[in-house]
Amino acid sequence: MSTAIVRSPSDDRDLDIVPETGCLSIIVLGASGDLAKKKTFPALYHLFKQGFLQSHEVHIFGYARTKLSDEGLRDRIRGWESEDLVNFLHLIKYVSGSYDQEEGFVLLDKEISRHESLRNIQVGTSRRLFYLALPPSVYPSVCKMIRSYCMNQSDLGGWTRIVVEKPFGKDLSSAEELSSHLGELFTESQLYRIDHYLGKELVQNLLVLRFANRLFMPLWNRDNIANIQIVFREDFGTEGRGGYFDQYGIIRDIIQNHLLQVFCLVAMEKPVSLKPEYIRDEKVKVLQSVLPIAPEDVVLGQYDGYKDDPTVSQDSNTPTLQVSSCGFITKDGKVKDWLLFYFLLALTKVPFSTGVPFILKAGKALNSRKAEIRVQFKDVPGDILSQSQGRNEFVIRLQPSEAMYMKLTVKKPGLEMSTIQSELDLSYGQRYQGVQIPEAYERLILDTIRGDQQHFVRRDELKAAWEIFTPLLHKIDGGEMKSLPYKPGSRGPAEADELLAKAGYVQTHGYIWIPPTL
């Protein structure tokens with residue numbers, strides 16, 4: 001049975017778990033597509049397998065334009081899972097229809113209502129979750145159809161919730177247009193803008209790490225931190241997604257959403273409690289303090305061979321790599337010691353050296369695959385050993401091989417007083433043996449069912465994020481900024497490392513973190 005969390009008005013901790021009434025219908029729109037097959041249905045299956053979705057109360061509907069039978073959709077789903085899916089597949093019903101015509105949605109509502117009536121529930125107590133595994137271009141028509149023909153009567157405790165996938169627009173104006181359209185149809189509490197990075201285990205750990213450990217509180221400031229990198233690297237190219245990727249580029253695909261969400265959790269102030277709106281308020285404050293990215297603080301790259309993809313234009317300037325350093329101002333233009341992100345440019349009249357630069361780096365066809373947060377601390381003042389092996393760094397490895405480790409200088413074993421760089425390491429695969437780390441989509445779908453919007457993007461947060469990148473994106477789209485070529489399998493163009501050095505990052509040579517083995 002699904003659960004609802006009961007909270008005391010004076011205490012934000014979970015006090016009790018009680019059953020939530022009403023049957024649950026999960027409708028996957030775009031059910032025949034790649035996203036639904038690879039992410040949405042596997043996440044639903046794993047929630048079912050773990051008991052979070054119960055067969056006596058939940059039913060799953062697939063909806064798409066493709067002509068399929070119930071069994072045809074089930075055959076598609078069987079392809080990604082070797083385990084016994086029989087009980088899960090019995091929950092799935094398929095409805096075929098257009099995304100902009102009422103007939104299909106009237107039929108969909110009829111099937112949902114039939115399922116609800118079989119549960120003998122009171123009208124208005126059922127729950128309907130619509131997951132839009134669709135391109136954003138059809139969001140307006142689909143949401144209009146849902147609003148007109150498929151809404152649950154929510155006056156008796158039931159609800160209708162809409163999950164929308166990124167990209168949320170291509171720039172500020174298109175994002176605002178989409179937000180306005182959705183806002184006319186649904187309340188903000190009904191909308192769940194999903195960014196799967198917010199469901200990753202190590203991203204979820206950031207609040208606990210920062211605000212539950214005394215160790216970090218006196219260190220997390222500009223007096224101790226030299227710079228912070230948030231990095232996303234892939235060792236492969238577009239691989240069949242060239243046509244899609246060329247419309248968006250690395251900034252829209254990765255940086256403006258995934259990395260910026262991580263950035264907010266690293267830079268935000270401590271919220272007054274763990275209530276979702278307090279956390280989202282602090283994230284918005286961070287974004288509203290960020291200056292638009294200046295061209296001189298950006299390096300763009302495009303790997304050799306990118307345009308060999310026949311779906312990519314031969315004159316494409318779409319970047320497959322971006323490195324940028326972020327600048328910040330406070331509301332009153334003053335530096336406050338309890339904030340991490342004071343910058344740096346002419347608006348504040350503060351020298352570059354007094355701030356903490358944030359470096360956002362994302363790229364394809366590079367020399368490694370990883371996503372991580374790298375906090376580099378300043379040099380030790382008055383180093384009496386004079387044998388520094390490199391700066392201390394605190395690294396949070398988001399994927400793959402989830403881990404947190406601190407790079408330290410220690411004495412090298414032996415009779416000589418010589419030093420070496422090593423690490424204090426918390427590798428999840430070794431420390432939490434036998435613990436299954438949930439996929440991000442599992443966590444976020446469960447949060448949607450529970451009505452917890454903490455890990456979803458609010459409208460004002462989305463607007464503030466686009467305000468940062470839109471001027472830069474328009475310059476790129478207009479050909480004012482060019483992408484530099486780089487070789488696949490490299491670190492990217494040399495100018496990227498030069499920008500890192502300008503922002504104060506000191507690379508450690510001769511040290512490689514190796515995930516421990518069991």
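Author: Helix α11, residues 440–450, is largely enclosed by the rest of the structure, because ten of its eleven residues are buried. Buried here means under 20% relative accessible area, exposed means over 50%, and partly exposed lies in between, with a 1.4 Å probe and protein chains only. The buried residues of α11 are Ala440, Tyr441, Glu442, Arg443, Leu444, Ile445, Leu446, Asp447, Thr448 and Ile449. Glycine 451 follows the helix and has a positive phi, near 80°.

The model is a predicted one, in which local features need pLDDT of at least 70 and side-chain atom pairs count only at pLDDT 80 or more, while totals for chains, interfaces and linings use all residues. Residues are numbered from 1 along each chain as its sequence is written, and side-chain values use heavy atoms, with hydrogens and water left out.

In the protein chain, 53% of the 518 residues are buried.

Nine of the strands form an open sheet with mixed pairing, in the order β16-β15-β14-β13-β9-β12-β11-β10-β18. Two strands pair if DSSP finds at least two bridges between them. β16 and β18 (484–486) stand at the edges with a single partner strand each, so one side of each has no neighbour in the sheet. On average, neighbouring strands of this sheet are turned by 20° against each other, direction ignored.

Threonine 409 is opposite glutamine 421 of β16. Three residues separate β14 and β15 in a hairpin, where serine 401 in the turn has a positive phi of about 55°. β14 is paired in turn with β13 (residues 370–377), again antiparallel, over six bridges; there glutamine 376 faces glutamate 393 of β14.

Helices also pack on this sheet. α7 (residues 201–211) touches β13, β14 and β15, and its direction makes about 145° with that of β14. α8 (residues 242–267) touches β9, β10, β11, β12, β13 and β14, at about 145° to the direction of β12. Contact means heavy atoms within 4.5 Å. Axes are lines fitted to C-alpha atoms, for helices over the stretch in contact, and angles run from 0 to 180 degrees between N-to-C directions.

α8 also packs against α9 (residues 276–288), at an angle of about 105° and with the axes 9 Å apart. The two helices are therefore roughly perpendicular; under 35 degrees counts as roughly parallel, over 145 as roughly antiparallel, 65 to 115 as roughly perpendicular and the rest as oblique. At this packing, Leu260, Gln261, Phe263, Cys264, Leu265 and Ala267 of α8 meet Lys283, Val286 and Leu287 of α9.

Key:
Helices (H or I, at least four residues) and strands (E, at least two) are DSSP runs, numbered from the N terminus.
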